[in-house]
Amino acid sequence: MEKTNRLYLKKIRYAFQWGLFVFILYGGYKFYLFVEHFSSGTPFVKRPPLVDGFLPIGALMAFKLWVTRGIFDSIHPAALVIFIAAIVTSLTLKKSFCGWVCPIGTLSETVFKAGKKLFGRNFKIPKYIDYPMRSAKYILMTFFLYIILIKMTGNDIVVFLNTPYWKIADVKMLKFFTEMTSLTFFTLTALFILSLLFKNFWCRYLCPYGALTGIVSLLSPLKITRNEKACIHCMACTKNCPSLLPVEEKTRIKSPECTGCLTCVSNCPAKGALDVATPNKKAIHPLIYVLMVLIVFFGIIGAGKLAGKWHSQVTYSEYKALVPIVSQFEHP
Ligand code: SF4
Ligand code: SF4
């Protein structure tokens, strides 16, 4: 790839990630104002449905109900739409939901880059500890899949999705951050420090959502592909990979940890050495790949909106009754 194109690619990713991050943050602020209306009587602000994206466990239940019984959850429908968008994007375009869309991924990357500036480098956890630690997110994922897909019946899910707890789960999520307990505060501080020291600490070791998108992404036909003949073995790809993958040693990156972030591609100085490519090694232009991520992810969100599966059916009077007593609701 030409030097200027590589630079453009970095800028495009930066703009894509931060544009979305600011948009989601603004949505979070509007949701805060929405909740404040019911708690403190401030002026009413419309509820932004995108906050449902922070309810992935409920979304997995809603997904099972939709697939097995054809019922689309009307309480937090956007949670299911965003979940489907994340899974389909990962299935077709590697784990690009993590590498391009997820705001936690954006934050995590920014924090480890800040850590690198602060300490002069990011630290590496020895392999014999790294491997078992990495399994933590897969164990968490297996636990949720087992409970929801195997243990819970369709009726159990219908009951759960009709509880006041699920109706108010978005508000509970907000309160988790705005009314932090000291345990939450210390846990988040510890995660922040670990993320400064180690590349993508949360995503690499703990995120069950990322574990699921990673496993699904194994089926993606597109993979980062290295052309041995064009490669000059400069190691820039391996050194810059946020997922610590040995790109320079492989001809095709099949790992579930690869987020399709294209950092390796945008750092590769040798023309034609590194690309996103199909199984028969046909290279896809990086910008086409980015466009495909945009079209698949937001296409599904748009389809959900057009199908009327975006706005919550929880009424104004239900929020009015439930928000002031939100702390009374515990997970059933
Ligand atoms: S291999 Fe390349 S695309 Fe995959 S995570 Fe590493 S830098 Fe990103
Ligand atoms: S950055 Fe490109 S040229 Fe350098 S080792 Fe990786 S694939 Fe080869």
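This report describes the overall build, the salt bridges and the ligand surroundings of a predicted model.

Residues are numbered from 1 along each chain as its sequence is written, and chains are lettered from A and ligands numbered from 1 in the order in which they are written.

**Overall build**

The protein chain contains 16 helices and three strands, which are DSSP runs numbered from the N terminus (helices H or I, at least four residues; strands E, at least two). Its radius of gyration is 21 Å, close to the 20 Å that the globule rule gives for 332 residues, so the chain is as compact as a globular protein of that length. This radius is taken over C-alpha atoms, and the rule is 2.2 Å times the number of residues to the power 0.38. Buried residues make up 48% of the 332 residues; buried means under 20% relative accessible area, with a 1.4 Å probe and protein chains only.

**Salt bridges**

The structure holds ten salt bridges, each a side-chain nitrogen of Lys or Arg within 4 Å of a carboxyl oxygen of Asp or Glu. Three of them are listed here.

| Glu109 | Arg13 | 2.8 Å |

Glu109 in helix α5 (residues 103-119) and Arg13 in helix α1 (residues 3-40) are 96 residues apart. Arg13, Glu109 and Lys113 are linked in a network of salt bridges. Glu109 is buried at 8% relative accessible area, and Arg13 is buried at 8%. In the second pair, Asp52 is buried at 0% and Arg47 is buried at 12%.

Lys137 lies in helix α6 (residues 127-151) and Glu257 in the loop between α13 (236-240) and α14 (263-267), so this pair ties together parts that are 120 residues apart in sequence. Both Lys137 and Glu257 are buried.

**Ligand surroundings**

Around ligand 1 there are 13 residues, of which Cys241, Cys258, Cys261, Leu262 and Cys264 come nearest; a residue is near if one of its heavy atoms lies within 4 Å. The shell of ligand 1 has nine nonpolar, four polar and no charged residues. Ligand 2 is surrounded by residues including Cys231, Cys234, Cys237 and Cys268, and its shell has nine nonpolar, one polar and two charged residues. Ala, Val, Leu, Ile, Met, Phe, Trp, Tyr, Cys and Pro count as nonpolar, Asp, Glu, Lys and Arg as charged, and the others, Gly among them, as polar.

Conventions:
Predicted model: local features only at pLDDT ≥ 70, side-chain atom pairs only at ≥ 80, totals over all residues. Heavy atoms only, no water. Buried < 20%, exposed > 50% of the residue type's maximum accessible area, 1.4 Å probe, protein only.
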